[in-house]
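Student: Please take a close look at a single part of this structure. I would like one connected account, with the setting of the whole chain included.

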Amino acid sequence: MSTQVQVPCFSTPMKGLFKSKPRTPADLVHHLRHLLPFTAPNPDVRTSKRRQKICDEVRKVIHEMRTVLYGDERLEPAEEACVKLTLEFFKDDTFRMLIASLPNLDPGTRQDVTHVIANLQKQRVNGRSIASDYLERNTALLTMLLPGCDDSELALSYGAILRDCIRHQVAAKYILESDHIRTFFRYIQDPSFDIASDAASTFRELLTRHKSTVAEFLSKNYDWFFQEYNSLLESPNYISRRNAVKLLGTMLLDRSNASVMVRYVSSLDNMRIFMNLLRDSNKTIQLEVFHVFKLFVANKRKPQEIVKVLVANRSKLIRFFSDFTFEKADENFESDKAEVVKEIASLELKDQP
């Protein structure tokens with residue numbers, strides 16, 4: 001026997017389900033929780049028609065929630081209503097149910113959902129972040145979001161929600177300390193532009209927002225992480241290469257990552273990658289590469305193997321930088337370039353015992 005999902009009937013038992021009068025924040029959350037289980041597609045024609053009505057009602061409820069949180073052309077959002085909606089939304093598993101049902105909703109409703117969740121994540125009640133407390137107890141929700149980042153239809157919605165979650169240190173720490181962080185190296189090289197670019201935004205957020213958490217992660221996972229990361233720097237894909245160089249520069253120049261930066265720029269293999277990237281055909285990449293390459297040169301404790309390579313290529317590098325110009329470079333570029341040339345020109349090899 002086949003098992004059929006019991007879809008709510010729109011006769012007398014459901015008479016009170018679709019209310020036209022204004023609903024309280026608690027009513028909205030309870031109503032949404034009641035509707036979500038019935039948004040899943042069903043091959044039965046009659047059930048499918050009922051499902052469409054339910055999805056339409058979900059859209060209306062989400063829109064009402066958005067109005068509560070953002071206001072409309074007539075009214076500003078009321079703080080008390082926002083607090084009540086936040087407390088009710090994170091009280092049970094409404095967040096999880098909504099994430100699970102996201103693929104069943106139309107693109108417009110999904111967009112409204114991301115706006116609602118973004119606002120709820122920022123709400124504070126009595127100085128506390130209710131969303132952060134919820135995520136600390138429900139890290140499995142993050143595991144639900146991550147596979148959606150690899151779905152061309154859903155990546156933008158799931159990615160936006162995930163980045164809002166990462167605003168909370170507990171969520172970022174969970175992802176960084178799990179094997180899920182490794183999947184981003186695959187996502188950001190996906191052939192789909194939407195998937196790759198959205199994943200790159202999330203990856204950047206993970207590696208820049210929470211300084212102490214990121215510094216601890218990079219120190220503990222230096223070897224495997226930068227082995228994977230260097231493969232992005234040498235990617236044949238221009239966008240992957242550009243994003244990787246720019247993000248690396250941001251990470252290495254952050255004071256929280258000072259020890260990681262010294263370790264990275266003390267590697268000859270790493271410097272060789274950037275010497276090759278200086279010849280990239282794209283000017284934007286060349287400029288971002290320069291901002292990292294100058295760290296190798298400026299390192300006061302350069303290993304002798306790095307000094308040896310710089311000295312061996314001294315004339316070529318000085319000639320290269322003499323023609324290394326950009327129309328829209330930042331104001332410090334010329335002075336930084338002069339310092340790099342000066343340092344390379346003054347390098348001397350120490351006598352080997």
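**Asn270 and its setting**

Tutor: In this predicted model, residues 24 or more positions apart make up 69% of the protein chain's contacts that have a separation of 6 or more. The chain's secondary structure consists of 20 helices and 2 strands. Its radius of gyration is 26 Å, whereas a compact globule of 353 residues would have one near 20 Å. Along the principal axes, the C-alpha atoms fill a box of roughly 95 × 50 × 40 Å. Of the 353 residues, 47% are buried.

Asn270 sits in helix H16, which covers residues 268-277. Its relative accessibility is 7%, so Asn270 counts as buried, the cut-off being under 20%. From that position, the side chain of Asn270 reaches the backbone oxygen of Tyr264 at 2.9 Å. Tyr264 is also among the residues that Asn270 touches, together with Tyr222, Asn230 and Phe296, when residues up to four places away in sequence are not counted.

Ser101 can be set beside it. Ser101 belongs to helix H4, residues 94-101. Ser101 counts as buried because its relative accessibility is 6%. Leaving out residues up to four places away in sequence, Ser101 touches Leu36 and Thr39.

As for the surface, the accessible area of the protein chain is about 18900 Å², and carbon and sulfur atoms account for 49% of that area. The chain carries 51 positive and 46 negative side chains, with the centres of the two sets 1 Å apart.

Technical notes:
Residues are numbered from 1 along each chain as its sequence is written. This is a predicted model: local features need pLDDT of at least 70, side-chain atom pairs count only at pLDDT 80 or more; totals for chains, interfaces and linings use all residues. Side-chain values use heavy atoms; hydrogens and water are left out. Helices (H or I, at least four residues) and strands (E, at least two) are DSSP runs, numbered from the N terminus. Buried means under 20% relative accessible area, exposed over 50%, partly exposed in between (1.4 Å probe, protein chains only). A polar contact is a pair of N or O atoms within 3.5 Å; within protein, one must be able to donate a hydrogen and the other to accept it, and residues adjacent in sequence count only if both atoms are side-chain atoms. Contact means heavy atoms within 4.5 Å. The radius of gyration is taken over C-alpha atoms; the globule rule is 2.2 Å times the number of residues to the power 0.38. Accessible areas come from the Shrake-Rupley method with a 1.4 Å probe; for residues, only the protein chains shown count as cover. Lys and Arg count as positive and Asp and Glu as negative; His and the chain ends are not counted. The place of a charge is taken as NZ of Lys, CZ of Arg, CG of Asp or CD of Glu.
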